[in-house]
Amino acid sequence: MTRADRLAPYIFASAAALYLLVFTAWPLLDGVWLSFTDTGLLNPAAGEWVGTDNYAALFADPRFAGTLGVTLLYSAATVAGALLLGTAGAVLLDRSFRGRTTLRALLTLPWAAPTVAVALIFVWILNHDDGVLNGVTEAAGLGRHGWLTAYALATVTAVSVWKVFPFVLLVVLAALQTVPRELVESAVVDGAGPATVFRRVTWPFLVPTLRVIALLMTIWSFRRFEIIWLLTQGGPVDRTTTLVIDVYRTAFLESDLGRSAATGTIGLLLSAAATVAYALAERRSTAKDLT
Amino acid sequence: MRVRFIALVPFVVVAGFPLYWMVVTATRRQDELFGGDVHWLPDVTRLGTAFTAAVDGAPMLRWLTNSAFVAAGTTVLSLALAVLAAYALSRFSFRGRGVLGFALFATQMLPEALIVVPLYALFLTLGLLNNLWGLVLGNTAFAMPVAVWIIKTAMDAIPREIEEAAALDGCSRYAMLRRVVLPLTAPSLAAAAVLAFFDSWNEFLLANTFMVDEEKWPASKGLASFVGEFVTPMPTVMSAALLFTLPAVVFFLLVQRHIVAGLTAGAVKG
């Protein structure tokens, strides 16, 4: 092996690695460092080391417990809703029939539409006085509702599910293609009904995929910002304030970078915990498969 | 089959209605939207007028141009970095390979909101705030890792024998990447490019935080400035949103298959 050959991988990888160091790893470490200081937005270089004060203040603040609760509730409901709708849609689309490609394209539109445009249209649809949804509920005798005020968290969750379920649908649809046709056919020959075929044959093939998407969806829910920010800005009164909304508000509206960074670091640790839990579950199930 | 079709109808209605409503609103007159009857159908004859109003009523063309600049810059930069990294990850075993792979995967779970503050401080120092190049650099940090996974997955599928034969013919590593590997991964390169474009076209958080001057806003920030605001007529807002949405939807539909393959492969192997 020549010297050039030994160096080649480093040369190829160096640009991307350097980039990640400067624009991801450094800001990340800087963020964690900030969480131990009392830096403000207007004096980003002049923060003093305050140890774990920011963390202590967070855990002593009932508002932070509320934020954590909203984050977990929002994430769990969004992930569950998206998995359910996405899987159901994929199962329905799994056979070839006329118009299938068109339907699939229509069902992926929410994922394809830019979040800012989505937020604009939903704020308009959900508008209390002139929104079409209240027009319909009123005509149906159900009255008008403050979708983004009284039911803010439920509404934000529903819009999020609407936006992300197509991703689940596309991935599960791809996974369904890997179920061997012969296996399904022989089960049918043996007299199994559709429900049994799904539970005994199809489902085991879907489980690994669903686990991966559940992890991705959870991580993405923890970090989702735009939908919530544009619909409610975390309000009314913190009812839709998740960790990242809190991070942004504390930094850019309250100018408390230290506390903002501490909140963000906790969010990052939660995502990491979800990943580790996934990795452990994966290892255990692989071990089970092998024995 | 009919049962499936009927069961899918509510799905399609729910998925499609908001975007349909965007079209309806864009093509209705302002006075038709408030108080009184709901008009359920778009007035397609007004589509042209609606777009003209959107372009005249706000610096929409300026914003869309900014978005196109940022998206194109991010795409080129992400792809250049990703091709080289993907090749290294796919074809060599070297010290630090695992670390690089993990770092690329880890960016997937990094909340942008956490690094947006330090990035703000960094860009302040570098003079990149309120600068479209700053957005290109920031977006690349998130678009490039996904591009690496998509391209690496495609490269992994190319048999090594092809390269060995080329090596016997005296082909250098770099020539091999350019003449042999890249042409064979062209579809995935296209998918990664479109996805990078799509992501940075839609990006809002960095745009909202870093860009101050109105004429430098990308369309995502420009449109967001209309949220909950009633000064600009609703049909104009919706036409502007439609102009912003159409390219994204077209780009996405072009590559949805590759995106799914790339993302799931990245997630499983990460």
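Modeller: What follows starts with confidence, moves to the interface, and ends with the charged pairs.

Residues are numbered from 1 along each chain as its sequence is written, while chains are lettered from A and ligands numbered from 1 in the order in which they are written. This is a predicted model, so local features need pLDDT of at least 70, side-chain atom pairs count only at pLDDT 80 or more, and totals for chains, interfaces and linings use all residues; side-chain values use heavy atoms, leaving out hydrogens and water.

Confidence comes first. The model scores ipTM 0.89 and pTM 0.90. Chain B averages a pLDDT of 86, and 94% of its residues score at least 70. (pLDDT is the predictor's confidence in each residue, from 0 to 100.) Residues 266-270 of chain B stay under 50. The model has ten contacts for that stretch beyond four places in sequence. Contact here means heavy atoms within 4.5 Å.

Now the interface. Chain A brings 87 residues to the contact and chain B brings 91. Together they bury about 7700 Å², with 80% of it on carbon and sulfur atoms. Arg4(B), Phe11(B) and Met109(B) supply 9% of the area that chain B buries against chain A, more than any other three residues. (Buried area is the accessible area, with a 1.4 Å probe, that two parts lose on being put together, summed over both.)

The rule finds one salt bridge across this interface. Arg223(A) pairs there with Glu112(B), their closest N and O atoms being 3.1 Å apart. A salt bridge needs a side-chain nitrogen of Lys or Arg within 4 Å of a carboxyl oxygen of Asp or Glu.

Ala88(B) shows one spot in detail. Its place is in helix α4 (residues 60-91) of chain B. Helices are DSSP runs (H or I, at least four residues), numbered from the N terminus. Ala88(B) counts as buried because its relative accessible area is 0%. (Buried means under 20%, exposed over 50%, partly exposed in between, with a 1.4 Å probe and protein chains only.) Ala88(B) touches Pro9(A), Phe12(A) and Ala13(A), as well as Phe94(B), not counting residues up to four places away in sequence.

Lys152(B) meets Asp156(B) in a salt bridge (2.8 Å, N to O). The two are about one helical turn apart because they sit four residues apart in helix α7 (residues 132-156) of chain B. Lys152(B) is buried at 9% relative accessibility, whereas Asp156(B) is partly exposed at 33%.

Helix α4 of chain B also holds Arg91(B). Arg91(B) forms a salt bridge with Glu163(B), with the closest N and O atoms 2.4 Å apart. This pair links distant parts of the chain: Glu163(B) is in helix α8 (residues 160-168), 72 residues from Arg91(B). Glu163(B) is buried at 6%, and Arg91(B) is buried at 8%.

Over all chains, the search finds eight salt bridges. One of them joins Asp238(A) and Arg249(A) (2.5 Å, N to O). Asp238(A) lies in the loop between α10 (226-232) and α11 (243-252) of chain A, with Arg249(A) in helix α11, eleven residues apart. Asp238(A) is partly exposed at 24%, but Arg249(A) is buried at 15%.
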